[in-house]
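Trainee: Hi! Could you walk me through this one while I have it open?
Mentor: Happy to, let's take a look together.

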Amino acid sequence: MNTTVVGAYPKISDEHQELRRALHKADRGELDDASLAVAFDEATEWAIGELADVGIDVINDGQIRWDDLLAPFAKAWRNCERGPLERFYDNNTYFRQPIIKGPIETDGQTLVRDFTFADGKLRGRAHLKAAVCGPLTFATLTAEDDHYKDLEARTLAIADALAKELAGLGAAGAKIVDVEEPALAAHPELIDLERAALARLAKGGVTVALYPYFFPIDKIIEKLDVPPVGILGVDVRSRETSPKAIERLGAWKGTVSLGVIDARNTRIETPRETGELVDAALKQLRDERRLILSTTTGLEYLPHDVARKKLNALVDAARAAKGVPA
């Protein structure tokens, strides 16, 4: 049974302070952009090395350059910019809300360089996937929209831009692209708009792994079984009611990425806890090849040492599911 991760990896540990020092120097004007870019590359190589060495099968690049989920796109897309700070859902982290000044335009190359760099550094130690923010998440968290005016038009325009990003990543070798969509879990009443946005993403030509997280999605699972979604992330840890989603997995025809490791809680899951969730999911899916084990969301919310322990718990859960001693 394969394992994967979602979202950002902690950028800094007690042993790995180089990026923090570089950022402080850049803030003081003591480090130029080229040198800071080197520091980001080195931190990325460290992060993907940790993810691969612990035994995660499918990893991302650690999203080391991402200030927040929306930042890469708000920075790169024409007629977009980063605006005021706002709390990111019910987490103790903040993001900058996007501001849209005109029609969104992109060449689809926003993340291609970073994906190519990470893929070259992995040297076959794990499979690399890419990631983008979800169209509904970007649209609902926008602070100001001077062009599209309403949520539907804005969401679909963002989906068109993301489709170009998916196409660019696909051309660079990405087979799977995570679409991180917490807004869908937070607003399941917008499922029809999400389905329309996903239809636009299909133009990107790659398999989408859709990750609605932070909130339960049991009531909308069957409505997400549409192209290009081949993998559905199901967070079964974030809320007391989240495991209810397992009862609805029989309505899903693709692969499930089951979020058995809570990436926002420092307590380390026991083999019994993860095993019960896996067993319950397999009863619904009836085929272990359709199940991947994952974190619920990015490990960035945790101290680095805890994040490492969480990764080990994830790998141990997959080994136990295969009947391999930990």
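**A loop residue, a sheet and a helix pair**

Mentor: Let's begin with E181, which lies in the loop between strand 8 (176-180) and helix 7 (182-186). Keep in mind that this is a predicted model.

Trainee: Is E181 buried or exposed?
Mentor: E181 counts as buried, because its relative accessibility is 0% and the cut-off for buried is under 20%.

Trainee: And what is E181 in contact with, leaving aside neighbours within four places in sequence?
Mentor: Its contacts beyond those neighbours are G134, P135, L136, T137, E194, L210, Y211, P212 and Y213. Take L210: it is 29 residues from E181 along the chain, and their C-alpha atoms are 7.0 Å apart.

Trainee: Switching topic, what's the strand order in the open sheet of 3 strands?
Mentor: The order is 3-4-7, and the pairing is mixed. Strand 3 (78-87) and strand 7 (144-145) each have a single partner strand, so one side of each has no neighbour in the sheet.

Trainee: How does strand 7 pair with strand 4?
Mentor: Strand 4 (residues 94-105) and strand 7 run in the parallel sense, with 2 bridges. E144 in strand 7 is the bridge partner of I99.

Trainee: Now the helices: at what angle do helix 2 and helix 4 cross?
Mentor: The axes of helix 2 (residues 33-53) and helix 4 (residues 112-122) cross at roughly 55° and come within 10 Å. The two helices are therefore oblique to each other, and the crossing is right-handed.

Trainee: Which residues make that contact?
Mentor: Helix 2 brings D41, T44, E45, I48 and A52, while helix 4 brings R113, F117, A118, K121 and L122. By type, they are 5 nonpolar, 1 polar and 4 charged.

Technical notes:
Residues numbered from 1 in each chain as written. Predicted model: local features only at pLDDT ≥ 70, side-chain atom pairs only at ≥ 80, totals over all residues. Heavy atoms only, no water. Axes fitted to C-alpha atoms, helices over the stretch in contact; angles between N-to-C directions. Helix = DSSP H or I, 4+ residues; strand = E, 2+ residues; numbered from the N terminus. Parallel < 35°, antiparallel > 145°, perpendicular 65-115°, else oblique. Left-handed = near helix turned anticlockwise from the far one by under 90°. Contact = heavy atoms within 4.5 Å. Nonpolar A, V, L, I, M, F, W, Y, C, P; charged D, E, K, R; others polar. Pairing = 2+ DSSP bridges. Buried < 20%, exposed > 50% of the residue type's maximum accessible area, 1.4 Å probe, protein only.
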